[in-house]
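This briefing goes through some local features of one protein model. Please look over the sequence and the structure before reading the points below.

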Amino acid sequence: KMTQQMRDLQLAQARKPPGPSSPNAAKRLYRNLSGKFRVNYTSFDEGSLAARGEKEKLRKSYLFQSNAALFEAVELQDLDRVQELLKQYSPEELDLNTPNSEGLLPLDIAIMTNNAPIARALLQAGAKESPHCSPLGTHGRAHPPCLESRSLHLSTLVREAEQRVNELMAQVVNEAPNADCSEKEKQLKAWEWRYRLYKRMKAGFEHARVPDAPTNVHLSVASSSSVQVTFWEPLSVNSAVVTKYKVEWSCSPTFSPLLGEAVIDKLKNLHFTIRGLVSGTAYYVQVSAYNMKGWGPPQASVPPFAIPSNWREYDGRAPRRRGQAEALDHLLGQVKTVHQHCVCHEPCKNQPQSRKHSVSKSLKHLFHPSIKFLKTLKRGLYLTAIFYKDDNILVTHEDQIPVVEIDDTYSCLLMQDFLWFTKVSCMWDEILWLRQCVTVSQSSCSCILQTRFKMLLAISQMQGLLGIQDLGQVFFEPVKDKQGNILIVTLKEVKTNQTFESVRICKLQTSRKSVSSPEEPTALDTLLISIQDKLAYHQRSSHALSPGLYLGYLKLCSAVDQIRVLVPEQLPNILCHVKIRSNPTTPREEWEWLQKMASVEEAVPAEPEAETSQNHLFQELQVAIKELMTLVNIPLQEAKDFRLYSQEVLDFGGQVSLLLLLPPSDDVCTAPGQNNPYTPRSGFLTLPLQIFELGEE
């Protein structure tokens with residue numbers, strides 16, 4: 001055993017690496033190791049750089065192949081392949097505007113073979129023509145030397161291709177069949193195909209002519225200092241593809257002198273806004289098109305001129321809402337300042353009692369029933385908050401929608417209290433302050449004040465349990481049942497990965513076991529059954545109209561405690577409407593005509609002069625009124641008794657404006673029990689007027 005132990009000890013010592021015999025030796029060892037590590041790091045970096053360089057070479061090679069593939073797809077007139085490449089790569093990666101060895105660009109090949117679909121796809125991706133010469137010459141037309149240069153270039157390509165075909169043909173005929181001859185035959189086929197392509201391009205260029213004038217050139221006022229011109233492509237199909245347009249404007253109908261011009265080479269949207277103009281001055285506009293043969297004739301706009309202005313200039317009226325938001329904020333600040341030393345804050349001064357209560361609050365709140373989510377409803381008034389994201393809804397750990405109690409003795413919700421609650425929803429962040437202002441000696445408070453204080457308390461409880469202040473938008477009507485339960489519902493879409501307390505977001509199990517009968521469902525069951533409709537309403541109420549001028553229809557109906565307004569289900573935050581045009585601006589001349597039309601006693605006013613903005617609006621209004629009458633199921637002959645609201649154009653953020661169409665004064669608001677012979681078709685609902693006003697904001 002001793003011998004074996006000695007052998008093991010010697011073996012262990014032999015395996016142990018020798019240490020440095022002195023401090024100097026230790027330093028030398030450290031330097032050597034450090035040097036080795038440094039060499040390793042350097043070699044690693046060099047390897048990384050080499051690898052990155054290799055990847056960059058592969059990437060450039062791949063992009064070069066993509067550029068070649070694009071040329072090949074254009075030459076083969078393969079539209080699907082062209083669109084695929086344009087979608088897969090950026091114009092820079094494709095070198096879309098870099099000429100090939102023949103001095104041609106993809107767009108050159110497309111337009112000279114008169115392949116309009118491929119040319120449009122390239123133009124929308126930002127493709128340009130080959131810069132053989134400047135596109136502008138004397139009087140805006142192409143220089144004759146430019147056309148000659150392009151023609152000469154094409155002739156040279158055709159001649160060189162023909163010469164190359166003849167050379168390869170002679171080699172193939174004279175040489176014996178072998179591997180080289182097979183390769184020459186492939187080259188011959190390729191050059192024969194290229195020769196035919198160049199001949200087709202040359203023929204396309206020679207037979208092309210300058211484009212016709214653009215069509216449907218329409219001029220309208222965009223603001224007090226700008227006008228907008230829209231236009232369509234020329235109708236002719238014999239000329240080459242149009243690659244750009246030119247807009248010119250002047251204060252003279254002869255366009256002499258010319259005030260300005262702009263070339264439009266981005267052809268996705270054919271419109272242009274001329275800015276920086278003088279209000280009240282008439283401006284004439286014309287548009288011309290360009291292709292590889294030069295500029296075509298200009299087309300004057302309809303109407304021939306426009307005067308930058310705004311309908312408010314008619315009587316110098318300021319925007320109705322100007323400064324209102326600032327004034328309300330200032331007023332709210334004043335109210336808060338006054339209430340800082342108000343008697344309503346006296347209960348907060350009793351510090352010892354509140355401190356004594358706060359010591360045990362952290363334990364007591366775990367067992368206090370009033371600050372927990374409820375599972376079932378008893379006879380009373382409740383608040384529920386629905387947060388959703390896609391198809392998922394926020395639920396408690398018991399898979400219940402969050403519900404807190406407002407008042408267990410309140411069995412009939414007055415409309416005034418509900419509308420007050422909807423206004424409070426605009427101040428979710430101020431609930432604590434509102435509670436302090438309402439906590440005046442409740443023994444002397446009215447029943448209404450006590451109910452509203454309980455509403456504020458329930459809101460605070462919901463905010464605390466969820467850990468979020470903003471509870472969203474109040475649904476336009478509470479959910480009720482025959483047992484006396486009333487649910488006030490708030491809705492909010494979760495946009496980000498927001499975290500909540502005591503709850504989680506998951507797919508709601510709407511098929512849970514109901515505690516009520518199908519004949520008399522509870523308010524909570526009714527909510528679960530209709531929850532998808534409520535979510536759809538909330539999403540639609542946040543949609544915005546596209547920019548434009550609209551014709552709206554105002555129809556009200558009154559009840560004992562409220563007035564309701566007719567709105568479309570698809571867009572419940574706006575009146576029933578149809579679009580008149582895409583330009584939201586109403587210039588002064590059109591508003592003056594509308595004022596005259598409103599003062600005319602005849603049922604059918606005289607049609608304004610042709611080729612004027614007033615006449616264009618008149619025609620647009622005729623179409624819009626017919627469409628609106630059909631939409632709300634009113635016979636067209638009844639429209640003669642309708643009238644336009646002539647006090648103002650309703651403006652919504654500068655991008656959307658509304659002309660209001662009113663029924664006869666006796667029919668604007670339907671009274672309770674009054675028969676309405678023209679009931680709108682499905683797709684409409686009536687909202688309380690105050691709810692509609694909040695949604696409109």
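**A strand pair and its surroundings**

Ser-220 has Gln-228 of strand E2 as its bridge partner. This is a predicted model, in which local features need pLDDT of at least 70 and side-chain atom pairs count only at pLDDT 80 or more, while totals for chains, interfaces and linings use all residues. Residues are numbered from 1 along each chain as its sequence is written, and side-chain values use heavy atoms, with hydrogens and water left out. Helices (H or I, at least four residues) and strands (E, at least two) are DSSP runs, numbered from the N terminus.

**Strands E1 and E2**

- Strand E1 pairs with strand E2 (residues 226–232) in the antiparallel sense, over 6 bridges; two strands pair if DSSP finds at least two bridges between them.
- The two strands E1 and E2 make a hairpin, with 2 residues between them.

**Backbone exceptions**

- Most residues other than glycine have a negative phi, and most peptide bonds are trans.
- Asn-216 is not a glycine, yet its phi is positive, at about 50°.
- Asn-216 is placed in strand E1 (residues 215–223).
- Asn-216 has 45% relative accessibility and counts as partly exposed; buried means under 20% relative accessible area, exposed over 50%, and partly exposed in between (1.4 Å probe, protein chains only).
- Gln-77, also a residue other than glycine, has a positive phi near 60°.
- Gln-77 sits in the loop between helix H2 (23–75) and helix H3 (79–88), and is partly exposed at a relative accessible area of 37%.
- The peptide bond from Ser-256 to Pro-257 is cis, with omega near 5°, and Pro-257 belongs to the loop between strand E3 (244–250) and strand E4 (260–264).
- Val-302 and Pro-303 are joined by a cis peptide bond with omega about -5°; Pro-303 is in strand E8 (residues 299–306).

**Helix H13 and its packing partners**

- Axes are lines fitted to C-alpha atoms, for helices over the stretch in contact, and angles run from 0 to 180 degrees between N-to-C directions.
- Helix H11 (residues 415–424) and helix H13 (residues 447–466) have axes that come within 11 Å and cross at roughly 40°.
- This makes H11 oblique to H13, because angles under 35 degrees count as roughly parallel, over 145 as roughly antiparallel, 65 to 115 as roughly perpendicular and the rest as oblique.
- On the H11 side, the residues in contact include Trp-420 and Phe-421, and on the H13 side they include Met-455 and Leu-456; contact means heavy atoms within 4.5 Å.
- By class, the contact of H11 with H13 has 7 nonpolar, 2 polar and 2 charged residues (Ala, Val, Leu, Ile, Met, Phe, Trp, Tyr, Cys and Pro count as nonpolar, Asp, Glu, Lys and Arg as charged, and the others, Gly among them, as polar).
- Helix H12 (residues 431–438) packs with H13 at an angle of about 150°, with the axes 10 Å apart, and the two helices are therefore roughly antiparallel to each other.
- Among the residues that meet here are Leu-434 and Arg-435 in H12, and Phe-453 and Gln-463 in H13.

**Ala-458 within H13**

- Ala-458 is part of helix H13 and is buried, with a relative accessible area of 1%.
- Ala-458 and Tyr-382 are 76 residues apart in sequence, and their C-alpha atoms are 8.3 Å apart in space.
- Not counting residues up to four places away in sequence, Ala-458 touches Leu-383, Val-404, Glu-405 and Ile-406.
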